[in-house]
Amino acid sequence: MTTLAKMKCLIPFGFVAKYHYCLAWLAALWYHFPANQMIVIGVTGTSGKSSTVQYIYDLLRALNQSVGYTSTIGFAINGEYEENKSKMTMLGRFFLSGMLRKMVSSGCHYAVIETSSQGISQYRHQGINYDLLVFTNLSPEHIEAHGCYINYRAAKGKLFSHLAHSPIKIFNGKTLEKIVVLNGDDREAGFFSSFPVKKIVKFGWGSGQLDIQAQSVGANITVNHHPVHWQLPAEFSKKNALAAVATVTALGFPLQEVLVASEKLGSVPGRFQFIFAGQPFIVIIDYAFEPGALTALFKAVHSLHPVAIIGVHGSAGGGRDLARRKVIGEIAGREERLVVVTNEDPYDDNPEEIIKDVAAGARAVGKREGVDLKLILDRASAIKVAIHAALPGEAVIITGKGSEPVMAVANGQKIPWSDAQAALNALADLGYTV
């Protein structure tokens with residue numbers, strides 16, 4: 001444990017909570033409450049948040065709206081983009097309020113904020129008057145940080161309560177109603193629809209009480225009986241696109257116009273991103289770092305019908321869920337011809353211990369170290385080994401970091417990193433170049 005971490009442990013929790021709360025309001029006050037001068041959309045859930053934020057932004061831009069966003073991937077205002085190198089979804093209160101002020105100054109009518117449970121627990125949503133919240137899905141995650149799944153769900157619930165009890169805005173002469181857009185297919189849809197807001201819009205991929213309903217008819221997709229042609233690489237990408245369509249429609253835009261705009265949506269950096277340099281096998285990088293997302297990733301990869309799958313996996317340190325390490329190894333072990341376990345974002349934890357924990361899950365389902373299981377500390381070397389082992393028709397998946405431009409290591413350091421570049425370097429070694 002670092003000196004800073006030890007110091008934090010000595011500070012009473014109540015004091016820390018009040019500090020975060022007051023700082024959030026001070027930041028909003030300092031920047032003259034910029035959220036009151038825009039329509040603010042929050043996106044929360046376990047997975048799919050960054051992609052949904054990106055798709056909402058892209059749809060509003062396609063509909064000639066002025067919009068900005070903040071997400072795990074980056075920050076954008078009316079087409080101007082900056083990478084997020086912080087390793088944080090919701091940055092410090094002054095940064096977030098400062099970004100919202102920049103959006104107002106740039107003429108934005110809409111702001112889309114990726115909103116995390118840990119950000120909510122640290123009151124980073126305070127001082128931000130949200131108008132619409134999107135719930136993507138919920139599965140066990142950040143359990144160490146919250147104590148248990150129920151607490152994790154409750155942390156998300158605080159945001160919806162915040163929405164329900166925030167003042168109604170008048171924007172451009174129009175009174176804004178508080179809206180919740182939620183995944184009607186998720187088991188927690190009932191919980192997130194229980195908050196007293198004016199309007200609830202449910203989207204989903206199936207039957208039931210859904211306002212925005214997608215259905216697959218062979219290779220074709222319909223949304224509320226309108227055919228759409230989405231050039232999106234994975235089923236979960238389409239679900240995120242559906243969430244964005246539901247959101248923009250809930251804002252008052254005609255569904256048919258939104259669906260036409262949605263046909264131009266593309267892949268999101270680091271989310272089911274293909275790396276191609278002419279090689280006879282598939283290489284994909286994806287952010288999937290928890291079991292639910294990893295399972296969805298394998299489903300998407302199987303739809304490509306690879307001969308076999310090779311995977312590069314790790315797990316984050318820094319107090320992230322220890323229990324998921326073995327589960328990640330088990331899932332990979334069942335699905336892959338070769339499992340390569342490596343460093344991801346160790347923070348102050350021992351990376352070798354994290355690797356051993358993940359590998360234990362692969363061993364539990366029959367993988368053998370040195371045969372179909374490799375433990376390689378250096379991530380670049382691990383990616384190289386995986387790609388060099390690939391045979392024609394196979395798929396290599398590199399998970400856990402997506403498009404993140406840094407790796408979080410000990411003593412608060414963040415070193416430059418790129419899974420995409422590491423994959424391209426490994427392909428170049430084999431003679432494949434872009």
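Reply: F33 lies in the loop between helix 2 and strand 1, where helices (H or I, at least four residues) and strands (E, at least two) are DSSP runs numbered from the N terminus. The model is predicted, so local features are given only at pLDDT of at least 70 and side-chain atom pairs only at pLDDT 80 or more, whereas totals for chains, interfaces and linings use all residues. Residues are numbered from 1 along each chain as its sequence is written, and side-chain values use heavy atoms, with hydrogens and water left out.

Most residues other than glycine have a negative phi. F33 has a positive phi, near 45°, and H32 has a positive phi as well, near 60°. H32 also lies in the loop between helix 2 (13-30) and strand 1 (39-44). F33 is partly exposed, because its relative accessible area is 24%, on a scale where buried means under 20%, exposed over 50% and partly exposed in between (1.4 Å probe, protein chains only). H32 is exposed, with a relative accessible area of 59%. Leaving aside residues up to four places away in sequence, H32 touches Q37 and R101, contact being heavy atoms within 4.5 Å. Between H32 and L304 there are 272 residues in sequence and 50 Å in space, C-alpha to C-alpha.

Aromatic residues provide the next topic. The structure holds 14 aromatic pairs, a pair being rings of Phe, Tyr and Trp (its six-membered ring) whose centres lie within 6.5 Å, with planes under 30 degrees apart counted as stacked, over 60 as edge-to-face and the rest as tilted. Y57 and Y69 form an edge-to-face pair, at 4.8 Å centre to centre with 80° between the planes. This pair links distant parts of the chain, since Y57 is in helix 3 (residues 49-62) and Y69 in strand 2 (residues 67-70), 12 residues apart. Y57 counts as buried because its relative accessibility is 5%, and Y69 is buried with a relative accessible area of 2%. Y287 and F289 are also edge-to-face, because their ring centres are 5.0 Å apart and their planes stand at 70°. Y287 counts as buried at 19% relative accessibility, and F289 counts as buried at 18%. Elsewhere, ring pairs join F135, F160, F191, F192 and F195 into a cluster.

Two packed helices are described by the angle between their axes and the distance between the axes. Helix 9 (residues 235-250) and helix 10 (residues 255-262) pack at about 145°, with axes 9 Å apart; these axes are lines fitted to C-alpha atoms, for helices over the stretch in contact, and angles run from 0 to 180 degrees between N-to-C directions. From helix 9, V245, V248 and T249 meet L255, V258, L259 and S262 of helix 10. The residues of this contact divide into five nonpolar, two polar and no charged, where Ala, Val, Leu, Ile, Met, Phe, Trp, Tyr, Cys and Pro count as nonpolar, Asp, Glu, Lys and Arg as charged, and the others, Gly among them, as polar. Helix 9 is mostly covered, with 13 of its 16 residues buried. From first C-alpha to last, helix 9 reaches 23 Å, close to the 22 Å expected at 1.5 Å a residue, the expected span being 1.5 Å times one less than the number of residues. After helix 9 comes G252, whose phi is positive, near 115°.

Helix 12 (residues 323-335) has 13 residues and should span 18 Å; its end C-alpha atoms are 19 Å apart, which agrees. Its buried residues are R324, R325, I328, G329, E330, I331, A332 and G333. What covers them includes helix 11 (291-302), strand 16 (309-313), strand 17 (338-342) and helix 13 (351-364). A362 is found in helix 13 and is buried, with a relative accessible area of 0%. Not counting residues up to four places away in sequence, A362 touches G329, E330, G333, V339, K367 and L373.
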